[in-house]
Amino acid sequence: MSHPVRRPLAVLAVAVFLILLGLARPASAHGFTSTVYVHVTGGGGSAGAGAGRLRTELKLEYDLLVVSAADAGHDDPLFRAGTEAFDAGDTDAQAAALNAHHATAVDYVTRRFTVTAGADACRPEQTAGGFRMGREEGVPYALLTLDWTCAEAGDSHVTVDHEIRSGLFPDAEEYVKGTKTIATYDVGGRSGSAALDAAHPSFSLGQSWTERFWEFFRLGAEHLLTGVDHILFLLALIAGSRRPREIVLAATSFTLAHSVTFLLAALGLVDVPGSVVEPVIALSIAVVAGWHLWRIRQRGVHVTDLAVAPDGGHGGHFALDRAGWTRLGVVFCFGLVHGLGFAGALGIDAAWSWTLLWSLLVFNVGIEAVQLAIIAVVFPLLLLLRRRSRRAGLWATGTISAGVAAMGLVWFVQRTFGL
């Protein structure tokens, strides 16, 4: 690339790097968001399965539960015992801390997680087993089983409109942001799943399939829109694509790859720790963006040209050359890792993944819809800019790639070393 082009591009890259460095998020979502898991079944209670009863099995992030419950209940001994057990990584001590302060912990949960039957609130009762410990997404989770006694008698619990509402770990507590509750249920011959958040805090066990579809479609769309790392990866793909066919194939390759690992995780066949997945996702962002920067340095304003085929042609306006196919293979490999990242967003290594499989597919459709929308808006604009002025297109894609690569490297360092 000529010196007059390289100098302003370098200045812009440094400026973008400094801006993005100042805005860079910490290494992972842990500590910023959390997911609660709930499974609802009929019956339960010390008197055995009966009319008007529901059982909920909740999984709550342990350290978040300790801090939130201790703060809400002004229970400093719970905070001290719970955090000491967490720091020590002692699961027996973690369960013991919660059970020693079960009144505080259960009160926190039942004030923010409720079950109603019609217009009447159901009464919760903790089961004799108390709190138990498990792991989700590589971190300790507390398991709490509650039996709910509702006012209805006879067989009315089969048809009554039970509503599940979750307001656990709200943004107002300022410990996490955007808590989601993923619920599955099998009650009275009805089964399904739902996704709850602050904007949609409740669902009915009698919800229609269209309502279930929309909930997970929306969740997938929101996950991509709020997942800055995945958006930056997509921008790097767009910036480095030379022809419509290239971005279509790149997006298709990425979609197929992350769908494969997403479904394998849903089936419980793949389980890779987030401590491995998250740094690789960050590295993939830097590599794909850096690839385009390297090609700019090598080819300058001719970076968008296709290599000449052996027959002297280009194989058609939409054809790919060797560099294009190589890039496609790299995108596919990184897409496999991104699929694990999408899977981690819902913690789908859980034992009830089969129940969620349809909803997870819809979640994936929501991701794809937003991905295609971003491509449909951004790529034509870059293509138009390149056709009007190669140099302007070079500056635009180079600046995007430099900023994205810088952010990817920052995240890679953060996620690797836990900064």
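Me: Is C150 buried or exposed?
Reply: C150 counts as buried, at 7% relative accessibility, where buried means under 20% relative accessible area, exposed means over 50% and partly exposed lies in between, with a 1.4 Å probe and protein chains only. This is a predicted model, in which local features need pLDDT of at least 70 and side-chain atom pairs count only at pLDDT 80 or more, while totals for chains, interfaces and linings use all residues. Residues are numbered from 1 along each chain as its sequence is written, and side-chain values use heavy atoms, with hydrogens and water left out.

Me: Which residue forms a disulfide with C150?
Reply: C150 forms a disulfide with C122, and their sulfur atoms are 2.0 Å apart, the criterion being a pair of cysteine sulfur atoms within 2.5 Å. The structure holds 1 disulfide. C122 also counts as buried, at 7% relative accessibility.

Me: What about the handedness of the disulfide?
Reply: The torsion about the S-S bond of C122 and C150 is about 100°, so the disulfide is right-handed.

Me: And where do C122 and C150 lie?
Reply: C122 lies in the loop between β4 and β5 (123-126), and C150 in the loop between β7 (139-149) and β8, so the pair ties together parts that are 28 residues apart in sequence. Strands here are DSSP runs of E with at least two residues, helices are runs of H or I with at least four, and both are numbered from the N terminus.

Me: Switching to the open sheet, what is the order of its 4 strands?
Reply: The order is β4-β3-β8-β11, with antiparallel pairing, and two strands pair if DSSP finds at least two bridges between them. The edge strands, each pairing on one side only, are β4 (120-121) and β11 (202-204).

Me: How many bridges are there between β3 and β8?
Reply: Strand β3 (residues 113-117) and strand β8 (residues 162-166) pair over 5 bridges in the antiparallel sense, and F113 stands opposite S166 in β8.

Me: Which helix lies across β3 and β8?
Reply: That is helix α5 (residues 102-112), which runs at about 50° to β3; the axes are lines fitted to C-alpha atoms, for helices over the stretch in contact (heavy atoms within 4.5 Å), and angles run from 0 to 180 degrees between N-to-C directions.

Me: Back to F113, what does it touch?
Reply: Not counting residues up to four places away in sequence, F113 touches V38, T56, L58, W148, I164, R165, S166 and L168. F113 is also one of the residues with the most contacts inside the largest nonpolar core, which has 43 residues; such a core is a set of buried Ala, Val, Leu, Ile, Met, Phe, Trp, Tyr and Cys residues joined through side-chain atoms within 4.5 Å.

Me: Which helix gives the largest share of this core?
Reply: Helix α2 (residues 62-73) does, with 6 residues.

Me: F169 has a positive phi, so where is F169 found?
Reply: F169, whose phi is about 50° although it is not a glycine, is found in the loop between β8 and β9 (180-187). F169 counts as buried, at 1% relative accessibility. E174 is placed in the loop between β8 and β9 and has a positive phi of about 65°, again without being a glycine, but E174 is exposed, with a relative accessible area of 70%.

Me: Last one, how do β9 and β10 run?
Reply: They run antiparallel, joined by 7 bridges, and T184 stands opposite S193 in β10. Of the 7 residues of strand β10 (residues 190-196), 5 are buried, so β10 is largely enclosed by the rest of the structure.
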